[in-house]
Amino acid sequence: MLKLLKNIGHVLYRIWFYFLVAILIFLFLPLLLATTFSERTYPQFFWLARNFWARPIIYGMGCLPRIEYQEKLEKGKSYMLVANHTSMLDIMLMLLVSQNPFVFVGKKELVKIPVFGFFYKRVCIMVDRDDVKSRTGVYRRAQRRLNQGLSICIFPEGGVPDESVLLDTFKDGAFKMAIAHKIPVVPIVFLDNKKRFSFTFLSGGPGRMRAKMLHFFNTDKLNEEDKKKLNEEVRQGILSELEEATR
């Protein structure tokens, strides 16, 4: 009986999440549409998404964000933001972590999500990882966004790993791009998102939601041959934080 009640609670928690995601989009639909009409208004869209979508969802789910910064982002400077990927709440928490407007690079499959997908395809850089031409096009679109003073955000695991995996191997794309554009790599660790809202349906619940922005990795003196080393160093920094949190 106790297990049944617990499972019902998990189901209701999931339904509440999807309700929040959708209702907040509908409430601010005119403003969201207006700010996605042109790339020039993306900073205004980002501000709306951060303060009137991501923040209400996180608090509405009963999650209490605690963000620690080993180093702070400079206003007006572009960065490559990378983080571990464990939850749908990663998107919302990333928006809270960075006050600097950034653009997500993500899978084209997310376009299929009702309501969310409509805005996703208008404001994100989509990539088909099975299409070489699509992957190559990401660099061109990212350069245009960087020229506009924005940052780029990539989850370098290339997807959500099995929940038994603490941190999957990283793809090289984010690091290759950071070196090519000479922007710092900013490692970010999400410590509790898997507990709060994992991709396992009957799981999750309210509680603290910690994020930690680690020291940056400068790429000014690096070239493409250094991407593997940079990849490994960034991943190790994130992995060490995750391992420490599980002890």
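Q: Which two side chains meet in a salt bridge at 3.7 Å, N to O?

A: A salt bridge requires a side-chain nitrogen of Lys or Arg within 4 Å of a carboxyl oxygen of Asp or Glu. Here Glu224 and Lys176 form such a pair at 3.7 Å. Glu224 is in the loop between strand E7 (207–213) and H9, and Lys176 is in helix H7, so the pair links distant parts of the chain, 48 residues apart. Helices (H or I, at least four residues) and strands (E, at least two) are DSSP runs, numbered from the N terminus. The model is predicted: local features need pLDDT of at least 70, side-chain atom pairs count only at pLDDT 80 or more, and totals for chains, interfaces and linings use all residues. Residues are numbered from 1 along each chain as its sequence is written, and side-chain values use heavy atoms, with hydrogens and water left out.

Q: How many salt bridges does the structure hold, and which parts does the pair of Arg144 and Glu39 tie together?

A: The structure holds 8 salt bridges. In one of them, the side chains of Arg144 and Glu39 meet at 2.7 Å, N to O. Arg144 belongs to helix H6 (residues 132–147) and Glu39 to the loop between helix H2 (29–35) and H3, so parts 105 residues apart in sequence are tied together.

Q: Is Asp172, which meets Lys228 in a salt bridge, buried or exposed?

A: Buried means under 20% relative accessible area, exposed over 50%, and partly exposed in between (1.4 Å probe, protein chains only). With a relative accessible area of 18%, Asp172 is buried. The salt bridge between Asp172 and Lys228 spans 3.3 Å, N to O. Asp172 lies in the loop between strand E5 (151–154) and H7, and Lys228 in helix H9 (residues 227–246), so the pair ties together parts that are 56 residues apart in sequence.

Q: Which residues have the most contacts inside the largest nonpolar core?

A: A nonpolar core is a set of buried Ala, Val, Leu, Ile, Met, Phe, Trp, Tyr and Cys residues joined through side-chain atoms within 4.5 Å. The largest has 76 residues, and those with the most contacts inside it are Trp53, Ile57, Met80, Met92, Met94 and Ile152. Helix H3 (residues 42–60) gives the most to this core, with 9 residues. Contact means heavy atoms within 4.5 Å. Leaving aside neighbours within four places in sequence, Met94 is in contact with partners including Leu81, Phe102, Cys153 and Phe190.

Q: How many disulfides are there?

A: A disulfide is a pair of cysteine sulfur atoms within 2.5 Å, and the count by this rule comes to 0. The closest cysteine sulfur to that of Cys63 is in Cys153, 19 Å away, too far for a bond. For Cys153, which is in no disulfide, the nearest cysteine sulfur is that of Cys124, at 9.4 Å. Cys153 is buried, at 0% relative accessibility.
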